[in-house]
Amino acid sequence: MTETTQRRDTTTGTGKQDGPAPPETRGSTAIADTVVAKIAGMAAREIPEVHNLGGGMTRAFGAVRQRVPGGGGGVTQGVKVEVGERQAAVDLDVVVEYGAAIADTAADIRTNVINAVERMTGLEVVEVNIAVADVHLPDEEEDEGEGESEREGRRVA
């Protein structure tokens, strides 16, 4: 009696059979949306003209979340992603520094995000959509740490 087994056809056309499949092709890798969102958020923040990510309400909730113990750093604030098996799409809400060329800044963000996500995950980034939510002016300081007494010192009596 002959024994038969079912194997994947690994012939190369010359009639020779290769050995087992290479290790990198055995199994699958699933990358969570949050992983891609964190990579994209960090890559966007690396651009000097980016002041922050997220719209007004998103930034307000992020500031509250940072004050709560265990609330997280908000790296994914202003970042939305869709991840498939081989491709990803990224949406970013950005606050740009005043004086920056927005079109050039958007191109720099797009390039940096695509390079980082593709290099780190192996996914093809099909699009990076950027919405400029605000422009940060030099006199708009977000120091919420200054107390009422410091503000009173600036008032005219």
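**View 1. Asp-33 in helix α1, a helix that spans residues 33-45.** Helices here are DSSP runs of H or I with at least four residues, strands are runs of E with at least two, and both are numbered from the N terminus. The model is predicted, so local features need pLDDT of at least 70 and side-chain atom pairs count only at pLDDT 80 or more, whereas totals for chains, interfaces and linings use all residues. Residues are numbered from 1 along each chain as its sequence is written, and side-chain values use heavy atoms, with hydrogens and water left out. Asp-33 is partly exposed, at a relative accessible area of 39% (buried means under 20%, exposed over 50%, and partly exposed in between, with a 1.4 Å probe and protein chains only).

**View 2. Val-35 of helix α1 together with Met-120.** Val-35 counts as partly exposed, with 39% relative accessibility. Although Val-35 and Met-120 are 85 residues apart in sequence, their C-alpha atoms are 10.0 Å apart in space.

**View 3. Thr-105 in helix α3, residues 102-121.** Thr-105 is buried, its relative accessible area being 3%. Leaving aside residues up to four places away in sequence, Thr-105 touches Ile-47, Glu-49, Val-50, Val-96 and Ala-100, where contact means heavy atoms within 4.5 Å.

**View 4. The salt bridge between Lys-80 and Asp-93.** The closest N and O atoms of Lys-80 and Asp-93 are 3.7 Å apart (a salt bridge requires a side-chain nitrogen of Lys or Arg within 4 Å of a carboxyl oxygen of Asp or Glu). This pair links distant parts of the chain, with Lys-80 in strand β2 (residues 79-83) and Asp-93 in strand β3 (residues 87-97), 13 residues apart.
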